[in-house]
Amino acid sequence: MACESWKEKLDAYFDGELPATDVRALNEHLAQCASCSAEGLRRVQLKRAVQAAAHKFTPDAAFRARIQKQISSSPRRTVWLPNWFAAFACATAVLVIGFIFVKFQQSRTGGQQLFGELVDQHVATLASANPVDVISTDRHTVKPWFAGKIPFTFNIPELQGTPFALIGGKVSYLRQSSGAELIFRTGHHQISVFIFQEQKLGNVAVSQNAQSALSFQVETWQQNGLRFFEVSDAGPHDLLQLRDLLKAAN
Amino acid sequence: MQNRYPGFLFREIFFRVLGINEWVSWFTLVFVSEDRFISGSFEELAMPLFDRLYNFAHWLTQNREEAEDLVQETYVKALKGFRSYQQGTNFRAWIYQILRNTFLTSRTGLKWSSVSLDEDPESQNLPVSSSTPETALLQRSDQQLVQEALGELALPYREVLLLCEFEEMSYQEMSATLAIPIGTVMSRLSRARGALRDALYKKQKC
């Protein structure tokens with residue numbers, strides 16, 4: 001490449017805009033060419049002279065302060081609460097909402113676990129060779145049997161004329177509290193009715209979703225400080241009918 | 001929204017992670033004033049450039065009072081238009097462009113904007129490079145001479161030299177600031193340097 005062509009690249013070279021491959025090539029040329037080196041030196045000197053001379057004007061302090069103040073005090077959108085207070089209120093609201101949400105989730109999860117335990121007990125009863133501790137179709141026999149064994153009492157409805165028959169009962173346990181399990185029969189289906197003290201179970205959210213999520217039907221209600229659970233593979237109509245009988249008796 | 005002030009980003013990440021509805025996040029936006037963040041981040045970007053902007057403005061206007069007015073108007077326009085500025089892009093080039101455009105629409109600037117480089121008779125005879133022995137005089141050029149020569153250059157040459165040599169802008173930045181192609185930046189720089197060299201040479205001879 002002729003020197004004129006190399007000199008055309010000198011501006012970009014000293015401005016740091018030349019591609020790396022051209023920089024290497026130009027470096028090699030400058031090492032060998034006195035004319036281009038001298039021209040390069042002149043251009044660097046001019047560059048530095050302009051750099052030094054250009055820094056001529058400085059603003060006075062009062063003008064700077066005026067601009068600074070203008071920027072700092074630029075108009076803001078009106079808010080009817082101080083920002084720090086509002087931000088604190090929002091943060092608190094978010095924390096409270098988050099806490100309630102987490103507690104609700106825990107409660108829902110707890111409810112699902114509880115239903116699962118009851119279903120397990122019902123299945124164990126079905127599979128057991130001795131499903132009940134007191135065998136009797138007479139409610140006047142079964143009810144007194146629980147006296148002294150559980151810390152509460154309950155009533156068993158009159159079942160004559162209904163599709164239900166009492167098989168018997170046994171003591172059951174849930175969340176370290178004792179309760180009663182009554183076994184009823186309707187057609188070919190067996191229904192377990194669990195009765196516990198509401199306060200001993202803790203705060204458990206019971207939902208329709210939990211009942212339908214299991215392979216058994218689960219019905220639950222609260223009455224007079226007692227929590228009743230029905231677990232069965234019988235149809236929902238049967239459970240609701242037995243529920244109404246138990247509610248009426250209690 | 002283009003201008004992502006820190007609080008906005010925090011709010012976006014925080015509420016989208018929690019999955020809280022958009023109305024909640026917009027509700028908090030009212031309380032966590034966006035204007036405060038915009039003003040704060042503009043100040044952080046703009047004030048460090050204040051001295052250089054003033055120096056450049058003075059070189060353009062060649063008058064202290066006009067330079068102050070120009071800088072003040074630039075900051076006002078830049079603050080107003082800061083919402084349209086894309087964070088992460090070249091702020092310096094952006095604000096210098098505002099200053100330059102503000103100057104060109106001012107009374108002084110309109111005189112220069114009406115003069116094209118091609119009409120400048122001196123530009124016709126400017127060599128691309130000069131390698132006469134007399135250019136060695138540049139070694140002894142004092143600062144005042146250079147400043148005088150710089151001040152007498154045509155505005156397009158003066159501003160491109162200032163942006164390159166003093167502001168140390170890249171060709172890309174100058175292209176954005178001056179709103180001209182990079183090729184034009186390079187040719188204008190070359191002519192500007194030639195013009196300055198000639199001006200200095202003439203002053204040396206006087």
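In which handedness of crossing does helix 4 of chain B pass helix 5 of chain B? The crossing is right-handed. A crossing is called left-handed if the near helix is turned anticlockwise from the far one by less than a right angle, and right-handed if clockwise.

Before selecting anything, note that this is a predicted model, where local features need pLDDT of at least 70, side-chain atom pairs count only at pLDDT 80 or more, and totals for chains, interfaces and linings use all residues. Residues are numbered from 1 along each chain as its sequence is written, while chains are lettered from A and ligands numbered from 1 in the order in which they are written.

**Stop 1: chain B.** Color by secondary structure. Chain B has 12 helices and zero strands. Helices (H or I, at least four residues) and strands (E, at least two) are DSSP runs, numbered from the N terminus. Of the 206 residues in chain B, 33% are buried. Buried means 20 or more other C-beta atoms within 10 Å of the residue's own, exposed means 12 or fewer, and partly exposed lies in between, with C-beta atoms placed from the backbone.

**Stop 2: the helix pair.** Select B:50–61 and B:64–80, helix 4 and helix 5. They pack at an angle of about 130°, with axes 8 Å apart. That angle makes helix 4 of chain B oblique to helix 5 of chain B. Under 35 degrees counts as roughly parallel, over 145 as roughly antiparallel, 65 to 115 as roughly perpendicular, and the rest as oblique. Axes are lines fitted to C-alpha atoms, for helices over the stretch in contact, and angles run from 0 to 180 degrees between N-to-C directions.

Now show the contact residues. Helix 4 of chain B contributes B:Leu53, B:Tyr54, B:Ala57, B:His58 and B:Thr61. From helix 5 of chain B, pick residues including B:Glu66, B:Leu70 and B:Thr74. Contact means C-beta atoms, placed from the backbone, within 7 Å.

**Stop 3: B:Glu66.** Center on B:Glu66, in helix 5 of chain B. It counts as partly exposed because it has 18 C-beta neighbours inside 10 Å. Not counting residues up to four places away in sequence, B:Glu66 touches B:Thr61 and B:Thr108.

**Stop 4: strand 6 of chain A.** Select A:226–232. Six of the seven residues in this strand are buried. Strand 4 (residues 189–197) of chain A pairs with strand 6 of chain A in the antiparallel sense, over seven bridges. Pairing requires at least two DSSP bridges. Strand 5 of chain A forms a hairpin with strand 6 of chain A, with two residues between them. In that turn, A:Asn224 has a positive phi of about 55°.

Terms used:
Two residues are in contact if their C-beta atoms, placed from the backbone, lie within 7 Å.
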